[in-house]
Amino acid sequence: MKIRKKWGAALTVVLLLSSIVSACGTKSTETTKVRIGEVTRSLFYAPQYVALSQGFFKDEGLVVELTTTPGGDKTMTALLSNAIDVALVGSETSIYVSQQGSDDPVINFAQLTQTDGTFLVARKKVDQFNWNSLKGSVFLGQRKGGMPQMAGEFTLKKHNIDPQKDLQLIQNIDFANIASAYSSGTGEYVQLFEPQASIVEKEGKGFVLASFGVESGHLPYTVFMTKQSFIKQNPGTVQKFTNAIQRAQLWVAAKSVDEITNAVLPYFKDIDVEIVKSVVKRYKDQGSFATDGIVDEQEWNNLLDVMTSAGELKEKVAWKTLVNNTFAEKAKSTVKP
């Protein structure tokens, strides 16, 4: 009887140890779905597509559903109505929501791009460009109230150009049609995103003269954001999401233009490979891709200055009010390339 008891006890210990070892050696198969709404499909967001194509979200146990909701207003509406969980959009939209009053504020938790992504394009190639040459010209700008337009006007004012008095500013053309309007003859200068800027250059219809991203400085230009309630209810998911983005940011910083191009191509099948390379190189060279998700106070204050200059800010919103760097800081300290 005693022998049976000893064997029973031993067997129990063996089974217990076996289950522990098994649990330690098995990767969790649990997954969580996260719905992202991006404001546009853009090579400017290369690290996001890298996180998808390289399986970084999957490694964190996340199944990501990506949809494109053109326009910051539509993207924010989707977020506020719970049609998406996370929005990738300009951080100014969180300020607009705050200005309207909200019991559930939209919080910026992981920055993706840190400069404006537009370029000044002219019909003629210029060896020695001077911003004063824009005075008296017809300038085809971006939609009023959006970050591209605000960064553009901020840059013009920086060079002592009054956008309302010193040139003829056109702002009544939809974002999707600006490049085609310029190609068909509207405006002497235009403010274009990529890949339109590179495409216009390749077609010989214009030449990139300057970068509004370089000129307007570091900004929390495009940021992953969500409602405060989502963060409170799903902190683990937000951390995993931020970890995947941090890993992608480090990957993009370390890899060549060709490697990044190959990683994002599945999301840009209709764009010529050489154009993709040109765009990736241009954004990488000027430091548009953030290397971590932290939205620092200096960047935020620069954003407020840009919005104030454009007349789009009712009152300044403190950095700590709409920014939560907890997840980005942890990801930066723990995630390795």
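This is a predicted model: local features need pLDDT of at least 70, side-chain atom pairs count only at pLDDT 80 or more; totals for chains, interfaces and linings use all residues.
Which residues does Ala46 touch, not counting residues up to four places away in sequence? The answer is Ile260, Val264 and Phe289, where a contact means heavy atoms within 4.5 Å. Residues are numbered from 1 along each chain as its sequence is written, and side-chain values use heavy atoms, with hydrogens and water left out. Ala46 sits in helix α2 (residues 46-53); helices (H or I, at least four residues) and strands (E, at least two) are DSSP runs, numbered from the N terminus. With a relative accessible area of 0%, Ala46 is buried, a label for anything under 20% relative accessible area, whereas exposed stands for over 50% and partly exposed for what lies in between (1.4 Å probe, protein chains only). Ala46 and Leu140 are 94 residues apart along the chain, and their C-alpha atoms are separated by 26 Å.

Two of the residues touched by Ala46, Ile260 and Val264, turn up again where helix α12 meets helix α13. The axes of α12 (residues 257-264) and α13 (residues 273-285) come within 9 Å and cross at roughly 120°. That makes α12 oblique to α13. Axes here are lines fitted to C-alpha atoms, for helices over the stretch in contact, and angles run from 0 to 180 degrees between N-to-C directions. Angles under 35 degrees count as roughly parallel, over 145 as roughly antiparallel, 65 to 115 as roughly perpendicular and the rest as oblique. The crossing is right-handed, meaning that the near helix is turned clockwise from the far one by less than a right angle. On the α12 side, the contact is made by Val257, Asp258, Ile260, Thr261 and Val264. Helix α13 supplies Val273, Val276, Lys277, Val280, Lys281 and Lys284.

Next comes the sheet. Five strands line up as β7-β6-β8-β5-β9 in an open sheet with mixed pairing; two strands pair if DSSP finds at least two bridges between them. Strands β7 (168-170) and β9 stand at the edges with a single partner strand each, so one side of each is left without a neighbour in the sheet. On average, and with direction ignored, neighbouring strands are turned by 30° against each other. At the β7 end, β6 (residues 138-140) and β7 run parallel and are joined by three bridges, with Val138 partnered by Gln168.

Strand β5 (residues 118-122) has five of its five residues buried, so it is largely enclosed by the rest of the structure. Both of its faces are covered, with Thr118, Leu120 and Ala122 on one side and Phe119 and Val121 on the other. Its pairing with β8 (residues 189-193) is antiparallel over five bridges, and Phe119 stands opposite Leu192 there. With β9 (residues 207-211), β5 also pairs in the antiparallel sense, over four bridges, and Val121 faces Val208. Helix α6 (residues 147-158) lies across β5, β7 and β8, at about 135° to β8.

Just after α4, Asn82 takes a positive phi of about 65°.
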